[in-house]
Amino acid sequence: MTDINMQYFKSIIDQDVNEIVICDLDTNIIYMNPAAIRHHEKRGGKALIGTSMMRFLGTECQNKVYKGLAWFKESKDHNIIYTIHNDKYDRDEYMVALRDEEGNLIGYYEKHIVKSPETMKHYDFHE
C-alpha cells in the first residue's frame with residue numbers, strides 16, 4: 001500500500017466523529033483518532049498512546065478482552081464482537097479484529113456506534 005493510500009485510510013479514521021482506539025496484540029494503544037483523544041483527555045489524551053488499554057479496565061473486562069483476542073485467533077472469520085451498550089453515551093461498543101493481507105491477526109480496535117439521533121442539519125455547509 002502506498003503512502004498516499006495510507007493517507008486516505010488515516011483521514012477516514014481521523015474524521016470519524018466516534019472514538020477509535022487501535023491496539024496491538026499486547027493491548028497497547030498504538031493509535032487514537034482525535035475524537036478518542038478528546039474523549040479520554042482527563043485520562044491523558046494523546047499521552048495514552050503507547051500505554052496498555054488494560055490499565056483502564058477491571059479484571060472482568062480484561063479477561064473479556066483476552067478472551068476476545070483468543071476468539072479472533074481461532075478463525076479468520078471471527079472478526080467482530082458486540083461488547084456492551086453504553087447507556088451514558090447511548091452507544092453500542094464493539095471489539096473488531098485487525099488483520100494483515102494474509103488474514104493474520106495483528107491487533108484490534110474499539111468501534112462505537114452512537115444510537116442517539118444526529119443533531120447536525122442535513123447538508124449544513126455553514127454558509
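**Reading salt bridges, a helix and aromatic pairs**

Analyst: Let us begin with helix α1 (residues 3-15), which holds both Lys-10 and Asp-14, four residues apart, about one turn of the helix. Please bear in mind that this is a predicted model.

User: How should I read two residues at that spacing?

Analyst: The general idea is that an α-helix has 3.6 residues a turn, so residues three or four places apart point the same way. In the present case, the side chains of Lys-10 and Asp-14 meet in a salt bridge, at 2.5 Å from N to O. Lys-10 is partly exposed at 43% relative accessibility, whereas Asp-14 counts as buried at 17%.

User: How many salt bridges does the structure hold, and which one involves Arg-91?

Analyst: The structure holds five salt bridges. One of them joins the side chains of Arg-91 and Glu-19, again with 2.5 Å from N to O. This pair links distant parts of the chain, 72 residues apart: Arg-91 belongs to strand β4 (residues 91-99), while Glu-19 sits in the loop between α1 and β1 (21-24). Both Arg-91 and Glu-19 are buried.

User: Which parts does the pair of Asp-92 and Lys-115 tie together?

Analyst: Asp-92 forms a salt bridge with Lys-115, and their closest N and O atoms are 3.0 Å apart. Because Asp-92 lies in strand β4 and Lys-115 in the segment after β5 (105-114), the pair ties together parts that are 23 residues apart in sequence. Asp-92 is buried, with a relative accessible area of 8%; Lys-115, at 47%, counts as partly exposed. Furthermore, salt bridges that share partners join Glu-19, Arg-91 and Glu-93 into one network.

User: Let us turn to a longer element. Which residues of α3 are buried, and where do they lie around the axis?

Analyst: The repeat of the helix is again the guide: with 3.6 residues a turn, residues three or four places apart point the same way. In α3, the buried residues include Val-65, Gly-68, Leu-69 and Phe-72. They cover an arc of only 95 degrees around the axis, which means that they are on the same side of α3. The buried residues of α3 pack against β3 (80-86), β4 and β5. On the face turned away from the buried side are the exposed residues Thr-59, Glu-60, Lys-67, Lys-73 and Glu-74. As for its length, α3 has 16 residues and reaches 23 Å from its first C-alpha to its last, close to the 22 Å expected at 1.5 Å a residue.

User: What does His-40 contact beyond its neighbours within four places in sequence?

Analyst: His-40 is placed in the loop between α2 (34-39) and α3 (59-74). Leaving those neighbours aside, His-40 is in contact with Val-21, Met-32, Gly-45 and Leu-48. At 14% relative accessibility, His-40 counts as buried.

User: Finally, how many aromatic pairs does the structure hold?

Analyst: The structure holds three aromatic pairs. Among them, Trp-71 and Phe-72 form a tilted pair, 5.9 Å centre to centre with 50 degrees between the planes. Trp-71 is partly exposed, with a relative accessible area of 31%, but Phe-72 is buried, with 0%. Tyr-123 and Phe-125 also form a tilted pair, at 6.4 Å centre to centre and 40 degrees between the planes. Here Tyr-123 is exposed, with a relative accessible area of 71%, and Phe-125 counts as exposed at 60%.

Terms used. Residues are numbered from 1 along each chain as its sequence is written. This is a predicted model: local features need pLDDT of at least 70, side-chain atom pairs count only at pLDDT 80 or more; totals for chains, interfaces and linings use all residues. Side-chain values use heavy atoms; hydrogens and water are left out. Rings of Phe, Tyr and Trp (its six-membered ring) pair if their centres lie within 6.5 Å; planes under 30 degrees apart count as stacked, over 60 as edge-to-face and the rest as tilted. Buried means under 20% relative accessible area, exposed over 50%, partly exposed in between (1.4 Å probe, protein chains only). A salt bridge is a side-chain nitrogen of Lys or Arg within 4 Å of a carboxyl oxygen of Asp or Glu. Helices (H or I, at least four residues) and strands (E, at least two) are DSSP runs, numbered from the N terminus. Contact means heavy atoms within 4.5 Å. The expected span of a helix is 1.5 Å times one less than its number of residues. The arc is that of the directions from the helix axis to the C-beta atoms.
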